[in-house]
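Trainee: Hi, could we go through this one together? I have a few quick questions.
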Amino acid sequence: MNLSNPTTENVTFMIEGIKEKLRMVNVDAMKAENFSTEQYEDLHYMYEMVMKRQNITPNEMQAIAAELGSMRK
């Protein structure tokens, strides 16, 4: 998938990928429709960082969830 364009479909793809990678319990809090393309660069950076990691500590998960929460519209 080409993630270079800030589209709604790309936002949905990245949010779903992050949720799957982190195995988030409260997936309702991270619905793709709660994110806009206005913060696409930040979301893309977060997606790339999460996908590169093999292991994510609970503290890192909490920080990622908090950061995603601050990006919601």
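Trainee: Is Lys 19 buried or exposed?
Mentor: Lys 19 is buried, with a relative accessible area of 11%. Buried means under 20% relative accessible area, exposed over 50%, and partly exposed in between, using a 1.4 Å probe and protein chains only. Keep in mind that this is a predicted model, where local features need pLDDT of at least 70, side-chain atom pairs count only at pLDDT 80 or more, and totals for chains, interfaces and linings use all residues. Residues are numbered from 1 along each chain as its sequence is written, and side-chain values use heavy atoms, leaving out hydrogens and water.
Trainee: Thanks! Which residue does Lys 19 form a salt bridge with?
Mentor: Glu 16, with the closest N and O atoms 3.0 Å apart. A salt bridge here is a side-chain nitrogen of Lys or Arg within 4 Å of a carboxyl oxygen of Asp or Glu. Glu 16 counts as partly exposed, at 37% relative accessibility.
Trainee: And where do Lys 19 and Glu 16 lie?
Mentor: Both are in helix α1, 3 residues apart, or about one turn of the helix. Helices are DSSP runs of H or I with at least four residues, numbered from the N terminus.
Trainee: How many salt bridges are there in the whole structure?
Mentor: The search finds 2. In one of them, the side chains of Glu 60 and Arg 53 meet at 3.1 Å, N to O. Glu 60 is partly exposed at 26% relative accessibility, and Arg 53 is partly exposed too, at 31%.

Terms used. Helices (H or I, at least four residues) and strands (E, at least two) are DSSP runs, numbered from the N terminus.
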